[in-house]
Amino acid sequence: MGFRFAPLLSANSLETDGVFDGTVNNGAAMRMSIGPYGDLFFAENYAFGTGLFYTVKRASVLTPKSFPKEVGVSSEGSYNLQYLQIPLTIKMFTNELVRDTRFYVQCGGLAEVKLAEKPLDKNVNALYRYYQTTSAPGEVLRLFSFADFGMVLGIGAEYEIGGGLRLLTGLTYNRGLTDVMRDKNLSMKNNVFCFDLGVKF
(Lines give C-alpha, C1' and ligand atoms only; values in the text may rest on other atoms or scores of the structure.)
Protein backbone atom coordinates (compact mmCIF):
# COMPACT_ATOMS: atom_id res chain seq x y z
CA MET A 1 0.00 0.00 0.00
CA GLY A 2 1.05 3.56 -0.55
CA PHE A 3 -0.05 7.17 -0.99
CA ARG A 4 0.27 9.12 -4.23
CA PHE A 5 0.24 12.83 -5.02
CA ALA A 6 0.30 13.78 -8.69
CA PRO A 7 0.37 17.27 -10.20
CA LEU A 8 -1.06 16.87 -13.70
CA LEU A 9 -1.55 18.55 -17.06
CA SER A 10 -5.17 18.34 -18.20
CA ALA A 11 -6.27 18.88 -21.83
CA ASN A 12 -9.18 17.94 -24.07
CA SER A 13 -9.76 16.63 -27.59
CA LEU A 14 -12.93 17.80 -29.34
CA GLU A 15 -15.34 16.96 -32.13
CA THR A 16 -17.87 19.67 -32.95
CA ASP A 17 -21.02 20.18 -34.97
CA GLY A 18 -23.97 22.54 -35.24
CA VAL A 19 -23.74 25.63 -33.04
CA PHE A 20 -20.35 24.46 -31.73
CA ASP A 21 -18.77 24.13 -35.19
CA GLY A 22 -15.37 25.85 -35.07
CA THR A 23 -14.94 25.43 -31.33
CA VAL A 24 -11.38 24.41 -30.38
CA ASN A 25 -9.66 23.16 -27.22
CA ASN A 26 -8.12 25.76 -24.94
CA GLY A 27 -4.73 24.18 -24.33
CA ALA A 28 -3.59 22.45 -21.15
CA ALA A 29 -3.62 23.51 -17.50
CA MET A 30 -2.25 22.23 -14.20
CA ARG A 31 -4.57 20.37 -11.83
CA MET A 32 -3.94 17.55 -9.31
CA SER A 33 -4.70 13.98 -8.25
CA ILE A 34 -4.28 12.49 -4.77
CA GLY A 35 -5.10 9.27 -2.95
CA PRO A 36 -4.04 5.79 -1.78
CA TYR A 37 -2.85 3.04 -4.10
CA GLY A 38 -1.94 -0.61 -3.83
CA ASP A 39 0.15 -3.18 -5.71
CA LEU A 40 -1.12 -6.75 -5.29
CA PHE A 41 1.68 -9.06 -6.43
CA PHE A 42 0.68 -12.32 -8.15
CA ALA A 43 4.25 -13.12 -9.29
CA GLU A 44 7.71 -11.93 -8.27
CA ASN A 45 7.80 -8.97 -10.68
CA TYR A 46 4.12 -8.64 -11.64
CA ALA A 47 1.37 -6.88 -9.71
CA PHE A 48 -2.23 -5.80 -10.07
CA GLY A 49 -2.17 -2.05 -9.51
CA THR A 50 -5.22 -0.21 -8.23
CA GLY A 51 -6.15 2.70 -5.96
CA LEU A 52 -8.71 5.33 -5.11
CA PHE A 53 -7.83 8.81 -6.36
CA TYR A 54 -9.54 12.17 -6.05
CA THR A 55 -8.69 13.93 -9.30
CA VAL A 56 -9.49 17.37 -10.69
CA LYS A 57 -9.40 17.90 -14.46
CA ARG A 58 -10.03 20.96 -16.59
CA ALA A 59 -12.53 21.01 -19.45
CA SER A 60 -11.94 24.16 -21.50
CA VAL A 61 -12.88 25.36 -24.99
CA LEU A 62 -12.63 28.49 -27.11
CA THR A 63 -15.83 29.21 -29.04
CA PRO A 64 -15.80 30.87 -32.50
CA LYS A 65 -17.05 34.37 -33.28
CA SER A 66 -20.25 32.84 -34.68
CA PHE A 67 -21.10 31.25 -31.31
CA PRO A 68 -24.19 32.89 -29.75
CA LYS A 69 -23.18 34.88 -26.69
CA GLU A 70 -23.94 38.15 -25.05
CA VAL A 71 -21.81 41.20 -25.76
CA GLY A 72 -18.84 41.24 -23.40
CA VAL A 73 -18.91 37.53 -22.66
CA SER A 74 -15.57 35.76 -23.21
CA SER A 75 -15.13 33.17 -25.95
CA GLU A 76 -13.68 30.85 -23.29
CA GLY A 77 -15.74 28.23 -21.48
CA SER A 78 -13.93 26.40 -18.67
CA TYR A 79 -14.97 23.91 -15.99
CA ASN A 80 -13.23 22.02 -13.21
CA LEU A 81 -14.35 18.39 -13.24
CA GLN A 82 -13.89 16.43 -10.00
CA TYR A 83 -13.64 12.63 -10.28
CA LEU A 84 -13.21 9.59 -8.08
CA GLN A 85 -10.88 7.30 -10.02
CA ILE A 86 -10.20 3.58 -9.73
CA PRO A 87 -7.26 2.33 -11.82
CA LEU A 88 -7.32 -1.32 -12.92
CA THR A 89 -3.83 -2.01 -14.21
CA ILE A 90 -0.94 -4.43 -14.49
CA LYS A 91 2.46 -3.28 -13.25
CA MET A 92 5.61 -5.05 -14.45
CA PHE A 93 8.70 -4.48 -12.30
CA THR A 94 12.36 -5.02 -13.10
CA ASN A 95 14.89 -6.47 -10.71
CA GLU A 96 17.22 -3.97 -9.02
CA LEU A 97 19.04 -2.54 -12.05
CA VAL A 98 20.31 0.24 -9.76
CA ARG A 99 21.01 -0.31 -6.07
CA ASP A 100 17.75 -0.29 -4.03
CA THR A 101 15.79 0.83 -7.11
CA ARG A 102 13.22 -1.05 -9.19
CA PHE A 103 11.72 0.33 -12.38
CA TYR A 104 8.24 -0.49 -13.66
CA VAL A 105 5.88 -0.22 -16.61
CA GLN A 106 2.14 0.10 -16.01
CA CYS A 107 -0.83 -0.35 -18.35
CA GLY A 108 -4.56 -0.95 -18.04
CA GLY A 109 -7.86 0.83 -17.59
CA LEU A 110 -9.28 3.64 -15.48
CA ALA A 111 -12.87 3.83 -14.23
CA GLU A 112 -14.04 7.29 -13.11
CA VAL A 113 -17.17 8.63 -11.41
CA LYS A 114 -17.82 12.37 -11.59
CA LEU A 115 -18.29 14.01 -8.19
CA ALA A 116 -18.88 17.58 -9.35
CA GLU A 117 -18.59 20.03 -12.23
CA LYS A 118 -17.68 23.64 -11.40
CA PRO A 119 -17.91 26.45 -14.00
CA LEU A 120 -15.08 28.98 -13.81
CA ASP A 121 -15.85 32.71 -14.10
CA LYS A 122 -19.61 32.22 -14.44
CA ASN A 123 -20.28 35.80 -15.51
CA VAL A 124 -18.16 35.51 -18.66
CA ASN A 125 -18.07 31.73 -19.18
CA ALA A 126 -19.30 31.12 -22.74
CA LEU A 127 -20.44 27.53 -22.12
CA TYR A 128 -22.17 28.28 -18.83
CA ARG A 129 -23.96 31.37 -20.18
CA TYR A 130 -25.05 29.56 -23.35
CA TYR A 131 -26.60 26.62 -21.49
CA GLN A 132 -28.07 28.96 -18.90
CA THR A 133 -29.98 30.86 -21.59
CA THR A 134 -31.10 27.71 -23.44
CA SER A 135 -32.23 25.72 -20.38
CA ALA A 136 -35.64 25.78 -18.74
CA PRO A 137 -36.03 28.10 -15.70
CA GLY A 138 -34.86 26.37 -12.52
CA GLU A 139 -33.21 23.49 -14.42
CA VAL A 140 -29.93 22.30 -12.92
CA LEU A 141 -27.17 22.72 -15.48
CA ARG A 142 -25.34 19.43 -16.02
CA LEU A 143 -23.10 19.66 -19.06
CA PHE A 144 -21.00 16.56 -18.38
CA SER A 145 -21.80 12.86 -18.06
CA PHE A 146 -21.61 11.14 -14.68
CA ALA A 147 -18.72 8.79 -15.57
CA ASP A 148 -15.66 8.39 -17.75
CA PHE A 149 -13.46 5.48 -18.74
CA GLY A 150 -9.92 5.60 -20.05
CA MET A 151 -6.66 3.79 -20.52
CA VAL A 152 -3.52 4.13 -18.43
CA LEU A 153 0.11 3.97 -19.60
CA GLY A 154 2.91 4.70 -17.17
CA ILE A 155 6.56 4.30 -16.28
CA GLY A 156 8.30 4.92 -13.00
CA ALA A 157 10.72 3.84 -10.31
CA GLU A 158 10.62 2.85 -6.65
CA TYR A 159 13.58 3.59 -4.40
CA GLU A 160 13.89 1.73 -1.09
CA ILE A 161 14.89 4.08 1.74
CA GLY A 162 14.79 1.48 4.52
CA GLY A 163 12.36 0.27 7.13
CA GLY A 164 10.06 -1.12 4.45
CA LEU A 165 9.51 2.33 2.91
CA ARG A 166 9.86 3.07 -0.79
CA LEU A 167 9.71 6.39 -2.62
CA LEU A 168 7.80 6.48 -5.90
CA THR A 169 8.32 8.73 -8.90
CA GLY A 170 6.89 8.30 -12.36
CA LEU A 171 4.98 9.62 -15.35
CA THR A 172 1.48 8.42 -16.27
CA TYR A 173 -0.66 9.14 -19.32
CA ASN A 174 -4.45 8.80 -19.02
CA ARG A 175 -6.38 8.88 -22.29
CA GLY A 176 -10.13 9.23 -22.07
CA LEU A 177 -12.05 6.81 -24.27
CA THR A 178 -15.60 8.10 -23.76
CA ASP A 179 -17.35 11.35 -24.61
CA VAL A 180 -17.90 13.28 -21.37
CA MET A 181 -20.28 15.90 -22.83
CA ARG A 182 -24.06 15.52 -22.73
CA ASP A 183 -24.57 17.75 -25.79
CA LYS A 184 -24.66 15.79 -29.06
CA ASN A 185 -23.06 18.72 -30.93
CA LEU A 186 -19.96 18.87 -28.72
CA SER A 187 -17.91 15.74 -28.08
CA MET A 188 -15.06 15.97 -25.57
CA LYS A 189 -12.51 13.45 -24.33
CA ASN A 190 -10.05 14.05 -21.48
CA ASN A 191 -6.29 13.61 -21.79
CA VAL A 192 -4.07 13.81 -18.70
CA PHE A 193 -0.33 13.61 -18.02
CA CYS A 194 0.44 12.91 -14.34
CA PHE A 195 3.75 13.50 -12.57
CA ASP A 196 3.55 10.78 -9.92
CA LEU A 197 5.09 11.24 -6.48
CA GLY A 198 4.44 8.92 -3.58
CA VAL A 199 5.51 6.69 -0.75
CA LYS A 200 4.85 2.94 -0.37
CA PHE A 201 4.66 1.40 3.11
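1. Strands β3 (29-43), β6 and β10 each contribute at least two residues to the nonpolar patch; strands here are DSSP runs of E of at least two residues, helices are runs of H or I of at least four, and both are numbered from the N terminus. The model is predicted, with local features requiring pLDDT of at least 70 and side-chain atom pairs pLDDT 80 or more, while totals for chains, interfaces and linings use all residues. Residues are numbered from 1 along each chain as its sequence is written, and side-chain values rest on heavy atoms, without hydrogens and water.

2. The patch covers about 970 Å² of surface, and its members include L9, M30, F42, I90 and F195. Patch residues have over 30% relative accessible area and no salt bridge (a Lys or Arg side-chain nitrogen within 4 Å of an Asp or Glu carboxyl oxygen), and nonpolar side chains (Val, Leu, Ile, Met, Phe, Trp, Tyr) are joined within 5 Å. Areas follow the Shrake-Rupley method with a 1.4 Å probe, and only the protein chains shown count as cover for residues.

3. M30 lies in strand β3. M30 is partly exposed because its relative accessibility is 47%, where buried means under 20%, exposed over 50%, and partly exposed in between.

4. F48 belongs to strand β4 (residues 46-51) and is partly exposed at 29%. Beyond four places in sequence, F48 touches residues including D39, F42 and L88 (contact: heavy atoms within 4.5 Å).

5. In helix α1 (residues 126-134), the buried residues include L127, Y128 and Y131. The buried residues of α1 pack against β5 (53-62), β6 (76-98), β7 (101-119) and β10 (186-200).

Methods: Buried means under 20% relative accessible area, exposed over 50%, partly exposed in between (1.4 Å probe, protein chains only). Patches are made of residues with over 30% relative accessible area and no salt bridge: like charges are joined within 9 Å, nonpolar side chains (Val, Leu, Ile, Met, Phe, Trp, Tyr) within 5 Å.
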